[in-house]
Amino acid sequence: PFRPFALSPSTDSRSERIIMQFDEPTLAQVVSDVCSTMLELPITSGGQNLVLEDPLVAAVQITGEWQATVEVATTRPVVRIIAARMFALPQESLETADLHDALGEVANMIGGNLKGIANHELDLSLPSVSEYESVVDTTARTITVSMKCQGHPVRIRLIEMSNAAIA
């Protein structure tokens, strides 16, 4: 079972204790809200062991009083659907840059929503997009949500960064 993140800021020992209340249902709801509201694209729970063939992965970092990475990984068919809706273009006219921009923006919207929920002094990085999922330190606190978009897998991870990893 997942335990919510509870961390103390290392920058100022006098700062109040920060408690982040993120769990799988909260992350899944944020993802669902972003997809349904911003993209008008339904997304559903997808099980635990989804296989991502030829994935694209977008990530944003949340930094400040709390540090985490939001990672969105999915297949190219899903990214094409997202980009076509986001840019109001036919899928066949999309270029690689469009796909990267669209998935990066999804990661940015999810990260921005999580940053707002946290309600603390936090910054959000620009998104980065790659063809590989990151290797997560097994000691890092991670929330993983597996979903499906039009039958294709989507994996979202919220990875807490230790202060040592950031320094």
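What follows is a short chat about strands, a helix and salt bridges in a predicted model.

Reader: What should I know about the model and the numbering before I start?
Author: This is a predicted model, where local features need pLDDT of at least 70, side-chain atom pairs count only at pLDDT 80 or more, and totals for chains, interfaces and linings use all residues. Residues are numbered from 1 along each chain as its sequence is written, and side-chain values use heavy atoms, with hydrogens and water left out.

Reader: Is strand β4 buried or exposed?
Author: Seven of the 10 residues of β4 (residues 55-64) are buried, so the strand is largely enclosed by the rest of the structure. Buried means under 20% relative accessible area, exposed means over 50%, and partly exposed lies in between (1.4 Å probe, protein chains only). Strands (E, at least two residues) and helices (H or I, at least four) are DSSP runs, numbered from the N terminus.

Reader: How many bridges join it to β5?
Author: Eight, and β4 and β5 (residues 68-75) run antiparallel. A hairpin of three residues connects β4 to β5, and leucine 56 has threonine 74 as its bridge partner in β5. Two strands pair if DSSP finds at least two bridges between them.

Reader: Which residue in β7 stands opposite valine 57?
Author: Serine 130. β7 (residues 128-130) pairs with β4 over three bridges, in the antiparallel sense. Strand β6 (residues 122-124) is also antiparallel to β4, with three bridges, and there leucine 122 stands opposite glycine 64.

Reader: Changing topic. Which residues of α2 are buried?
Author: Val78, Val79, Ile81, Ile82, Ala83 and Ala84. The buried residues of α2 pack against elements including β4, β5 and α3 (96-118), where contact means heavy atoms within 4.5 Å. Just after α2, alanine 88 has a positive phi of about 50 degrees.

Reader: And salt bridges, how many in the whole structure?
Author: Four, a salt bridge being a side-chain nitrogen of Lys or Arg within 4 Å of a carboxyl oxygen of Asp or Glu. One of them joins arginine 157 and glutamate 71, at 2.5 Å from N to O. Arginine 157 is in strand β9 and glutamate 71 in strand β5, so the pair ties together parts that are 86 residues apart in sequence.

Reader: Are those two buried or exposed?
Author: Arginine 157 is buried at 12% relative accessible area, and glutamate 71 is buried at 4%.

Reader: What does glutamate 131 form a salt bridge with?
Author: Arginine 76, with the closest N and O atoms 3.1 Å apart. Glutamate 131 sits in the loop between β7 and β8, and arginine 76 in helix α2, 55 residues apart. Glutamate 131 is partly exposed, at 40% relative accessibility.
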